[in-house]
Amino acid sequence: MVRIIFRMIPILILLAGCGGGDGSSLSATGTIEATEVTLSAQVGGVVKLVRADEGASVQPKDTLAILDATDWIYQLQQAEAGFVGADAQHRLSLQAARQEDLIQAEANYKSAENDLKRMEELAPTGSISQKQLEDAKTRFTISQQTYEKMKRGSRREEIEIARARRDQAEAQVSSLRKKVNDCTILSPMQGVVTKRFIERGELVGQGMSLFRVANLAEMDLMIYVIETELPKVKLGQQAKVKVDAFPDKEFNGRVVFISSTAEFTPKNIQTKDERTKLVFGVKIKVENADGSLKSGIPADVTLQTGSSQ
């Protein structure tokens, strides 16, 4: 996978029109632009293969390029081995002691207990030294604690430590597996490759731009509407768009955004009167299934605002 940076190409507006003569429509002019996505490298590596060139049509999840993932694969294998060991240690901490170990610990405990009893019986007669008695008590205490610990199993803190180490190892595996997957550069959407920044054999660094993909199925058209006309515009409202290149063809569009903040008419408006007007930006999505519309061409839009809409 790759990090996706969405960037709207700055939209240059030519004119914000006024309503039709009968008040049933609103006309304006703007510039058609495409939404572009810049794909950047999530990991560094040498470009092993390039599968898409400029102008190529791509579908979602199409492979555009592949980076050499050899080093990441080795690190992943090492992390997976570490996870296996940590997981086994965690499972072992949840289990009681093996039956044979428990039997042996119990036998040591009973033997130390009997030895201590004999030493305590002999001590008053002076047959043994004080040190022998103390050693017998020590062996008894150690064997008793060992036996009790085996019966109880691991302490809660020991289990939590083992679980934390397992989870840490698992997270490392997931991180490295993602880095291996990130070496395959996939298209995030349907569109056209408008720019390729890399060549085969080139060393790329993390964050470096690799491709730019434009979504040409739907184009953007920004118009500006004066305050008195704004109530006529609604979200989802249908629009008809025409361009000079296809004078006999209408493209369907819909209003997807209405600015809530007024701004001055863009500087490229020619007359002083129009430059001083406060207007509201309205964005229209224009259907472009056949790819006829191109980024940067001017377009005229008509919004039907009458009761017949």
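**Notebook: strands, a loop and a helix**

I began with strand β5 (residues 63-67), which pairs with β6 in the antiparallel sense over three bridges. For my own reference, two strands pair if DSSP finds at least two bridges between them. Helices (H or I, at least four residues) and strands (E, at least two) are DSSP runs, numbered from the N terminus. In this pairing, Ile 66 stands opposite Thr 184 in β6.

A note on the source: this is a predicted model, where local features need pLDDT of at least 70 and side-chain atom pairs count only at pLDDT 80 or more, while totals for chains, interfaces and linings use all residues. Residues are numbered from 1 along each chain as its sequence is written, and side-chain values use heavy atoms, with hydrogens and water left out.

Next I looked up the sheet itself. Its four strands run in the order β6-β5-β3-β8, the pairing is antiparallel, and the sheet is open. Which strands stand at the edges? I found β6 (184-186) and β8 (203-204) there; each has a single partner strand, so one side of each lacks a neighbour in the sheet.

Then I turned to Ala 56, which I found in the loop between β3 (45-50) and β4 (57-58). The cut-offs are under 20% relative accessible area for buried, over 50% for exposed, and partly exposed in between (1.4 Å probe, protein chains only). Ala 56 touches Gly 191, Val 192 and Val 193, leaving aside residues up to four places away in sequence; contact means heavy atoms within 4.5 Å. I liked this pair: Ala 56 and Val 192 lie 136 residues apart in sequence, yet 5.6 Å apart in space, C-alpha to C-alpha.

Strand β2 (residues 25-40) came next. Here 15 of the 16 residues are buried, so β2 is largely enclosed by the rest of the structure. Seven bridges join β2 to the antiparallel strand β14 (residues 298-304), and Thr 29 stands opposite Asp 300 in β14. Nine bridges join β2 to strand β9 (residues 209-226), also antiparallel, with Leu 39 opposite Phe 211 in β9.

Last, I checked helix α1 (residues 70-94). At 1.5 Å a residue, its 25 residues should span 36 Å, and its end C-alpha atoms are 37 Å apart, which agrees; the expected span is 1.5 Å times one less than the number of residues. Buried residues in α1 include Trp 72, Leu 76 and Ala 79. What do the buried residues of α1 pack against? They pack against α4 (156-182).
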